[in-house]
Amino acid sequence: MTIEQMAMATKIGSFLEKIANKSVVEITKTGAESAKAALEFAKTLKEKSPDVATLKPYAGQMTSLLELLNSPIAQIVKDAIPFAPIAVTLLNLVHEATKQELTLEECMALVVQLAYLDSVRAFLSEIDVAQNEASQSVSRQIRSLAEVEMSDRDARTAILFFHESEIAKAFSAVLEARLTEVGCSDVRRSAEIVARNTNYYIQTALAGMGEKVNPVVKWFSTGGQEKFEQYLSIEEYLRDVISPDSTIQVLRDRWRVFNEPFTLKEIYVPTEARFINKDGEQDEERDPVVLEQWAKAWLNQPEQSRVLFIQGHPGRGKSVFCRMFAEWVRVNEHPNWTPILIRLRDIQSLEKDFEETLRKAVNRNFAASDQGWLSDRNTRFLFLLDGFDELLMQGRTSNGLEEFLEQAEKFQRRCQENFEKGHRVLITGRTLSLQSIERKMPTNLERLEIIEMSDELQGQWFAKWVQLAGSEKTSAFQQFLHSEQCPKRVRELSREPLLLYLLAAMHRDGELTLSAFEGAEGVQAKILIYEKTIDWVLTKQRPDMLNRELTELETEDLRLILAEAGYCVQSGDGYARIAMIESRLKGNSSVQCLLEEARQRLKDNPLRNSLAAFYLQPGSQRGGSVEFIHKSFGEFLCAERLKIAIESWTEPGKRRQEFYVSPDQFNWEIYDLFGTCALSPEIVDYLMALLGKSEGFEPFTLFKRLNEFYLRWCNGEFLDVPNENLFQRKVRSIREQIPELLTEEVVDIRCIDVVVGLNVLILLFQLNQYAQSRHDLKDCIKFYPCSQRDSSDFDAYRLLKVIGYSHCIHPDTFCRALKNFLGYANFGGANLRGIFLRGADLRDADLSNTFLRGAYLSESNLSRANFSGAVMYGTFLNEARLQNANFTGADLFKVSMMGAHLQNADFSSANLRGIAWSVDTNWEGVRGLETARNVPIALKQQLGLE
């Protein structure tokens with residue numbers, strides 16, 4: 001190639017001039033005739049073995065192959081000729097006609113036309129528009145494209161980033177005019193999608209280049225092939241992971257609605273969301289929005305440095321939204337935007353570099369093989385990170401969660417600042433998971449919370465249910481919900497997508513009656529729905545292995561299998577290994593008989609098959625494991641398993657044995673059940689509600705046994721044994737149930753012991769709180785973590801020792817585990833110096849005469865808490881809720897109350913020397929300041945006391 005050739009620019013229509021053997025192609029035909037000539041030209045290349053003479057008549061009737069855009073849209077789509085593959089044939093013909101080596105810009109002048117036409121055809125096949133021919137004015141614009149020149153620089157840009165090239169801009173302007181004529185909406189975005197998708201077709205054309213087209217072959221051999229393979233890897237990812245037609249069974253099953261014959265798309269309706277401000281409260285100045293519509297607008301805003309964070313309560317549809325929105329982006333926005341859906345529970349570890357975390361989570365060739373995959377200007381990713389609350393243990397401390405959000409924020413900012421990285425990040429998570437970190441969340445989060453279904457959206461859902469269940473059954477179910485006998489709580493739950501479906505499906509199958517919900521309110525109503533669901537599954541949705549009459553005993557065995565699976569899921573980061581479930585069931589002979597019968601019939605793993613119908617599915621990235629389709633089912637069934645054990649702990653023994661479960665067995669079962677299963681607020685809510693209605697629940701007896709265990713645990717008695725101690729035994733059982741841990745992981749025995757103690761503490765605090773609502777129990781069940789001040793075993797430092805011990809996992813472990821369970825707690829006389837309980841629920845807690853110097857209680861709920869006589873040097877109470885708190889006689893020297901809510905608090909005889917407050921501190925109705933000591937003059941003036 002000469003310097004002169006490199007400097008020359010090539011017109012888009014020049015190859016037709018060479019075939020027609022004219023310096024200028026004379027056009028006397030109409031746009032329609034030119035379009036027909038372009039189509040015949042392409043057909044001839046595709047269907048015959050053409051030579052220059054064959055093509056010459058058509059070449060003389062058009063300016064470029066883009067004349068095809070003059071045709072009606074249906075004609076372009078109907079004659080689905082793949083243009084890119086004919087590029088090689090045509091280039092070889094031009095080479096033969098000129099007997100000269102083609103320059104890179106000459107090759108690309110042809111390739112971009114063919115690739116662009118393929119992209120146009122693919123886009124038009126998905127939309128419904130008018131079928132008119134191009135007008136004269138638009139036809140003139142189409143013809144003018146033949147005069148667009150391509151330089152060597154333009155050619156190289158087009159190969160790598162066609163959508164950024166000057167050629168793309170010229171093509172897009174004409175396409176916008178043509179799309180406007182046929183009534184296409186949002187023509188600018190449509191043209192951008194076509195331009196971005198052209199990159200793929202260019203790579204397809206280049207992949208088939210022959211040896212005679214040396215400039216392109218040379219470029220392609222030095223990197224083009226790898227680029228094409230990366231694009232192909234992206235397309236395979238979208239097909240396998242995002243599309244409902246996935247080729248991978250596990251992923252395809254996630255589009256099914258439990259064990260129903262229909263998919264999510266057939267029953268899904270949009271969700272509504274409200275905006276959340278930086279304080280974690282509803283933004284009253286902004287109206288609720290339809291989440292999907294708002295997210296679509298957010299995605300296509302020209303500049304975006306904000307991470308979209310979508311929060312919501314269990315069952316509100318966060319994960320379903322992610323899947324549906326990802327699919328919408330795949331169909332309507334790709335390659336303008338390419339969706340990447342990552343379930344955060346699947347992330348094995350959080351890397352220090354956020355981009356590395358994303359690379360490992362994607363686990364596909366396009367990310368693994370290319371260090372610059374996030375800098376490819378052809379590709380903008382939308383990362384949908386689902387399940388913020390389900391990050392693995394390494395990220396479950398509040399510091400870890402803060403760090404993850406901080407990484408996401410910095411990544412989004414870098415994407416905004418670097419034009420090569422135009423990516424967006426969307427995160428979802430349960431509302432409760434943010435409680436301890438709301439004040440430290442990044443400033444560039446756009447937060448929305450999914451709210452319950454409105455009447456309009458519920459009506460849309462019923463319109464879809466009619467198509468699946470029929471009008472008669474749908475009408476009957478609506479009458480069920482509107483009946484005066486239907487509890488208010490059930491009607492409220494029916495506005496959550498998951499529970500609405502369960503109620504509707506059970507009612508459809510005749511398994512739901514109004515009498516079943518009589519008196520059910522609060523969490524009891526939700527539990528009743530889940531219990532009814534399990535019974536319904538056992539009787540109506542059974543797998544083949546159970547298609548026979550089940551005895552009552554066998555039904556209970558199956559419930560036990562499910563409960564054990566629920567427990568194992570909570571102990572396994574969202575997954576339950578089949579081997580672990582089977583191992584834990586070995587001691588139950590009736591369960592083993594049931595499984596053995598199934599094994600003989602199915603010649604397969606009976607447990608895996610039996611679990612398949614119970615809202616479980618194969619675990620992603622975990623061989624031989626299962627996970628619950630919805631997290632709430634696993635939490636509920638885990639609570640069921642714990643209830644079974646707890647009932648047995650208070651069952652009377654025979655003869656001289658006080659309890660059916662001996663002390664040694666009791667201690668072991670606590671380590672076995674609580675050594676790896678951290679109690680979440682959701683599990684505890686289910687557990688206490690299940691126990692509350694259980695005839696086998698003996699709260700006082702349970703309290704005595706657990707309190708004795710707690711004191712022995714604090715004294716280290718379970719560690720100081722001559723042979724194998726309990727947590728060593730637990731480690732051994734884990735390794736027996738999960739053999740791969742012998743070589744793959746090291747089980748932290750200290751972590752097991754700490755988790756056991758903290759879980760027992762949670763149960764004791766919950767029993768203490770439960771007793772406050774019962775007149776027959778409130779005086780006999782009182783839990784003091786440090787024991788009562790006047791008792792012989794009182795240890796003012798005991799709780800601090802427990803907290804210090806928990807630091808071997810993480811400094812934030814105690815607060816993270818216990819902060820939601822401390823209502824009505826009795827800390828009287830304890831030394832809690834420097835305790836960190838930010839955002840804790842300490843309503844009605846007794847903190848009288850405690851030593852709280854330097855304690856951090858900011859953002860906590862301390863309403864009605866008793867601080868009388870407490871020493872609180874330098875305690876942090878910023879933004880804490882302290883309504884009706886009792887500070888009588890407390891020493892509040894240098895206590896910080898910035899932004900605290902102190903309505904009706906009592907400060908009688910308190911020392912207020914050096915306290916700090918702000919304009920946001922609420923002093924409304926405070927009492928006792930007339931007897932308080934060292935009240936700051938500025939405060940007196942502010943409150944009008946002098």
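1. A disulfide would need the two sulfurs within 2.5 Å. Cys 714 is also partly exposed, at 26% relative accessible area. Bear in mind throughout that this is a predicted model.

2. Cys 808 is in no disulfide either: the nearest cysteine sulfur belongs to Cys 751 and sits 7.2 Å away. Cys 808 is partly exposed, with a relative accessible area of 26%. The disulfide count comes to zero.

3. Now for the nonpolar cores. The largest has 213 residues, and those touching the most other members are Tyr 501, Leu 502, Trp 649, Phe 867, Phe 887, Leu 892 and Phe 907. Helix H35 (residues 749-771) supplies the largest share of this core, with 12 residues. There is also a second, separate core of 69 residues, with Ala 59, Ile 167, Val 182 and Ala 205 among them.

4. Phe 887 is worth a look in the viewer. Beyond its neighbours within four places in sequence, its contacts include Phe 867, Met 872, Leu 892, Asp 906 and Phe 907.

5. Back to H35, which packs against helix H30 (residues 663-674) at an angle of about 100 degrees, the axes being 9 Å apart. That angle makes H30 roughly perpendicular to H35. On the H30 side, the contact uses Ile 670, Tyr 671 and Phe 674, while H35 brings Asp 753, Val 755, Val 756, Asn 759, Val 760 and Leu 763. Sorted by class, the contact has seven nonpolar residues, one polar and one charged.

Key: Residues numbered from 1 in each chain as written. Predicted model: local features only at pLDDT ≥ 70, side-chain atom pairs only at ≥ 80, totals over all residues. Heavy atoms only, no water. Buried < 20%, exposed > 50% of the residue type's maximum accessible area, 1.4 Å probe, protein only. Core = buried A, V, L, I, M, F, W, Y, C linked by side-chain atoms within 4.5 Å. Helix = DSSP H or I, 4+ residues; strand = E, 2+ residues; numbered from the N terminus. Contact = heavy atoms within 4.5 Å. Axes fitted to C-alpha atoms, helices over the stretch in contact; angles between N-to-C directions. Parallel < 35°, antiparallel > 145°, perpendicular 65-115°, else oblique. Nonpolar A, V, L, I, M, F, W, Y, C, P; charged D, E, K, R; others polar.
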